[in-house]
Amino acid sequence: MDLNLTWFILVGVLLTGYAILDGFDLGAGILHLFVKKDEHRRLMLNSIGPVWDGNEVWLVTGGGALFAAFPEAYATVFSGFYIPFMLLLAALIFRAVAIEFRSKEPWGWWRQMWDVAFAGGSFLSAFLIGVAMGNIVRGVPLDAEFEFRGTFVGLLNPYAISLGVTTVLLFTMHGAIYVAMKTEGELQARIRGWIPGLIGWFLAAYFLFNLYTLVECPHVLETVRERPYILGIMAIGAFIILNIPREIHHGREFRAFLSSCLGMAVMMGAFGATYFPNMVYSFPDPANSLTIYNAASSQKTLGIMLIIALIGVPIVLAYTTCIYYIFRGKTKLSSHSY
Amino acid sequence: MDVEILARIQFAFTIMFHYIYPPLSIGLGLALVIMEAIWLKTGNPLYHNMARYWTRIFALTFAIGVATGIVMEFEFGTNWSVYSRFVGDVFGSALAAEGIFAFFLESGFLAILLFGWNKVGPKLHFFATCMVCFGAHFSALWIVVANSWMQTPAGYHLEKMVDGHPVRLPPEHVVAADDLGSVRAVIDNFWEMVFNPSSMDRIIHVLLGAWMAGAFLILSISAYYLLRHRHLDFARASLKVGLVFATVATLLQMVSGDFTAKGVAKNQPIKLAAMEGLYETQAYAPLNVIGWADSTREQDFGLKIPGLLSFLTYGDFARPVAGLKELPPDEFLQRRYPEATAPEIEEIRRGYWPNVPAVFQFYHLMISIGVALFVLVAVANFRWWRGWLFNTHTKWSRLFLAALILSVLGPQIANQAGWFAAEMGRQPWIVYELLKTSQAFSRVVTAEHIVFSLILFAFVYALLFAVFIYILTRKIHHGPDEEEESPEMPESWRNLIRRDAARAEA
């Protein structure tokens, strides 16, 4: 395994970590307006209260790792997707500060305003992440210098939007399972009631999206023919998701949540296995694609970065686990809560 | 306006707004460590309440700092994609190290700092506070390393892609327009990159600026309570902690400023000449106390102290300091323009100067505020020594407290002005003497795109700032709580309280 492949996997791990961890934050945000009682909204907000900030760091570090390991891909995607990324940033800002500001005043209009900002920011973030991913899968027009030659409107194609919707449903399902795990009583009962439906919606969307992929992206179809094991990975992912209703039925929310996390990881794995060795697939001219070789930093930098990752990541995982352990159990409101 | 200027304005606007907050998190973070350490040592509940109160202020600044910080990380790619391709091999690793080593640390342990008061024991909580503070300092370190590499690049070589194979270029290679896309900087030595010639000076300077931002915020709010006769015990104790912190930070900043300026003189002489508006090379070069640089007449005017610039730079009043009219030197220009005649070289040279009047003013604004804060801290310590620090019954003492209240703006303005001097002083380069800013912006991003994002962020940040000020005012108005009376306080914390310590202090 060479350094380029190692970094392809590591960047993938960081972005998967982001999807799994901030995925439930964003999902909880999307569900926020669907619960009406102020106490319930505060409980949902505080269930992600201590951890959302650390979860968002996975995106920052994933972005940094992409910059360091594959600067060409970082430069192409971020300058090419200029407007969607600016909107994503604004959405993430609203999501973040709404958590901080919402409960600072008791007034109805104040809370409602920040609730809308929180839910809207979460929804838009999830949607735009999906749209960006959709374009990456489908391929974007690149020229010989790897510069993006498409338009903003071109990025909002039906295929990308369909992955945007699928991502929103995935995060909503994931967030509902997390909130069900962290709450009790009336609120938990309500959220639990939503989970089977959300799983159904997500799986339907995921299935349709994959069918759409086979029609829209011949290069993906070709790859899957060459690597049939990808279908196996995807089937495992779907089965893991289907395990969630069983665990919920038995009242084992933690195991349901783990299943959801694992399912997401497997689906991201399937994406990585399909997409390899591309970093940014060029369509209609595949010769201009950025791969893990022509987009990468020098071997020396990849080596230095690997040392940094080998020192840093285990420490990060160790204390992140400790912190989740400290904040285990049902969320309770106290004077420190949001 | 062209894309380059718009991209610069947009980046400057977002980084300026972002930079209101991280210095406060760094400075307050260290203050929290100090307060909690005193609380653990003495058991005086006053310091416990103090730590909790400043944690709430800290949380507010931290949240906005995080929210606005993500923008910065993406903007290298969105606005400066040519730059990102060119330096990613070197610059990216510092940024990634910042994420892995620093951001995770601060945001992870922040959970315990903010929400762990009643969940973990006092020692673990103190440890979390230390980790948050350490993480905040460490993140500043990595980002200033990355920026310093742009000021004084080191530990790299240039490499050109020829038919898919990298070819090493000689150090004197000049990056031309058709090199963009195929030439990039590649790392040679990681530690040389990290400890590039300006990084240590600048990290210390930036961190001390951040300490001052935190310390003067504490002074300001404490002075406000004193003046209003509210929470007096808290205000007196906080003022003392804040004053010691501010004194140490301000004194060290004087030393650090001297080191940093000497480093600039050595590494970026054009920047130094621009900061002082020094057009002619001269012995006994003067230091402007206040003044202006006239870029059409190519002269500076103002109140000057003769010889002081030479002395501060070289420790020798007589030694000449190079002026802009000799910078960059002829050899540097002739290598780039071998055909140019001597008069043409004179004209080309001006294209390698930054905006001298602006750099001059930003630099002098920073220095003037620094000196003013030094005087304020000296007066405060004098009044403390005489036992007048907490007086409010005379007009002078009230005036003094009012000055302390306003002093919170000092480090904020000085920090911003200092960064303006540093970044504008580096122009026309984005990476000093290697890549020009005019070569570095994203080719595929149009002016309309940037105007759109500028309007978007102007709107979002105006709203954020208004809410920030509102909530900060409210938190100040609410004041500290008597936490030791709270039934939520767990046994392990309650056992630490020593009432006698509180009485002794009072």
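Helices (H or I, at least four residues) and strands (E, at least two) are taken here as DSSP runs, numbered from the N terminus. Residues are numbered from 1 along each chain as its sequence is written, while chains are lettered from A and ligands numbered from 1 in the order in which they are written. This is a predicted model, in which local features need pLDDT of at least 70 and side-chain atom pairs count only at pLDDT 80 or more, whereas totals for chains, interfaces and linings use all residues.

By that reading, chain A has 13 helices and two strands. Its radius of gyration, taken over C-alpha atoms, is 20 Å, close to the 20 Å that the globule rule gives for 338 residues, so chain A is as compact as a globular protein of that length. The globule rule is 2.2 Å times the number of residues to the power 0.38. Along the principal axes, the C-alpha atoms of chain A fill a box of roughly 55 × 40 × 35 Å. Of the 338 residues in chain A, 55% are buried; a residue is buried if 20 or more other C-beta atoms lie within 10 Å of its own, exposed if 12 or fewer, and partly exposed in between, with C-beta atoms placed from the backbone.

Two residues are in contact if their C-beta atoms, placed from the backbone, lie within 7 Å. Among contacts in chain A between residues at least 6 apart in sequence, 79% join residues at least 24 apart.

Between the chains, 56 residues of chain A are in contact with 58 residues of chain B. On the side of chain A that touches chain B, at least two residues each come from helix 3 (52-69), helix 4 (71-80), helix 5 (82-101) and helix 13 (299-326) of chain A. Helix 13 of chain A gives the most, with 13 residues. For the complex, the predictor gives an ipTM of 0.87 and a pTM of 0.91.

Chain B has a mean pLDDT of 90, and 98% of its residues reach 70 or more; pLDDT is the predictor's confidence in each residue, from 0 to 100. In chain B, an open sheet of three strands has the order 2-1-3, with antiparallel pairing. Two strands pair if DSSP finds at least two bridges between them. Strand 2 (165-168) and strand 3 (183-187) of chain B stand at the edges, each with a single partner strand, so one side of each is left without a neighbour in the sheet. Strand 1 (residues 156-162) of chain B is joined to strand 3 of chain B by five bridges. L158(B) has A185(B), in strand 3 of chain B, as its bridge partner.

Some backbone details remain. Most residues other than glycine have a negative phi, and most peptide bonds are trans. F146(A), however, has a positive phi near 70 degrees and sits in the loop between helix 6 (108-138) and helix 7 (152-155) of chain A. F146(A) is buried, with 22 other C-beta atoms within 10 Å. In chain B, phi of H231(B) is near 45 degrees, also a positive value. The peptide bond from F283(A) to P284(A) is cis, with omega near 15 degrees, and P284(A) is in the loop between strand 1 (278-280) and strand 2 (290-291) of chain A.
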